[in-house]
Amino acid sequence: MKIYLFASSSCSIPKGLFVKGQPWKRVKFPILSAVIEYNGDLILLDTGIGTRMNQEFKNPKYKTNAWFHQSVMKAVFDPGRNPLIYQMQARGLDPAAVKYGILSHLHYDHAGGMRDFPNAKYFINKKEWEAATAADSHKHSYVREQYEANPKLDIELISTVPGKSYLGFPASLDLFGDGRFILVDLPGHSDGLTGVFVNLPSGRRFLFPGDSVYFPENLAGPAPKSWLMQKLVHEKPLAFETLKKLHNLKKSEPDLEIVSYHDHSIPGRYELAPVYYE
Ligand SMILES: [Zn+2]
């Protein structure tokens with residue numbers, strides 16, 4: 001197994017917006033996806049910004065999302081170069097070998113590349129699917145064409161199994177039954193936010209916590225997002241309970257490597273592909 005990280009966009013944000021109590025000075029951060037080689041196949045963890053973003057944002061229905069992306073996150077995005085599919089090709093990873101995608105949640109900056117891999121099977125949390133297909137989901141950072149695509153994508157709705165506790169989480173899902181990919185619920189940032197533990201044969205253990213954590217400072221505090229950010233992304237108070245759980249988990253499992261998809265210390269703390277982790 002190998003884990004590669006790719007950034008499909010580079011953004012910048014006043015740090016105090018993402019982490020309560022931090023100065024309001026802009027820091028750069030990526031929109032990451034992980035690509036994992038597993039049993040000869042490739043698995044995507046989130047799909048980042050895809051090839052269709054600029055067209056999608058032309059729809060007036062998504063003007064709030066477009067404003068947030070361009071004016072708040074100040075995203076730098078080259079549609080001919082930055083989408084995950086093009087970067088994989090440039091690094092010699094075959095997009096046709098992508099068998100599965102596991103989505104942390106369906107906000108536009110995570111589901112944007114799904115249609116670029118139309119032959120993949122996607123695993124999506126059932127509660128997340130309900131939130132993302134609700135009538136007013138376009139007001140909550142969702143762009144439904146990304147996952148309600150025509151032709152249809154192969155989507156399997158999943159739920160964690162109550163009683164199957166894992167590292168203090170009361171419910172979990174061992175996706176392939178071999179202990180390599182364990183999914184847990186991290187609700188708050190979105191209703192069905194899913195964290196993915198990836199347990200490598202080497203013994204290294206990663207947790208991809210989606211947007212329940214933005215920056216390492218959130219996790220270390222634990223420090224919630226600013227009230228303004230919580231309002232902008234319609235985050236529920238439950239998000240801070242989830243963050244506290246992750247903060248305690250990191251304390252009790254110091255070797256667990258927690259990698260958020262918007263970690264401003266990447267590249268640096270971890271490097272982007274072609275560097276990989278195994
Ligand atoms: Zn995000």
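Met73 sits in the loop that links helix 3 (63-72) with helix 4 (84-90); helices (H or I, at least four residues) and strands (E, at least two) are DSSP runs, numbered from the N terminus. This is a predicted model, where local features need pLDDT of at least 70, side-chain atom pairs count only at pLDDT 80 or more, and totals for chains, interfaces and linings use all residues. Residues are numbered from 1 along each chain as its sequence is written.

Reader: Is Met73 buried, partly exposed or exposed?
Author: Buried takes 20 or more other C-beta atoms within 10 Å of a residue's own, exposed 12 or fewer, and partly exposed is in between, with C-beta atoms placed from the backbone. Met73 has 19 such atoms, so the call is partly exposed.

Reader: Which strands stand at the edges of the open sheet?
Author: Seven strands line up as 6-5-4-3-2-1-13, with mixed pairing. Two strands pair if DSSP finds at least two bridges between them. An edge strand has a single partner, so one side is left without a neighbour in the sheet; that goes for strand 6 (154-158) and strand 13 (276-277).

Reader: Which residue stands opposite Leu42 in strand 4?
Author: Strand 3 (residues 41-45) and strand 4 (residues 98-102) run parallel, joined by four bridges. Across from Leu42 you'll find Val98.
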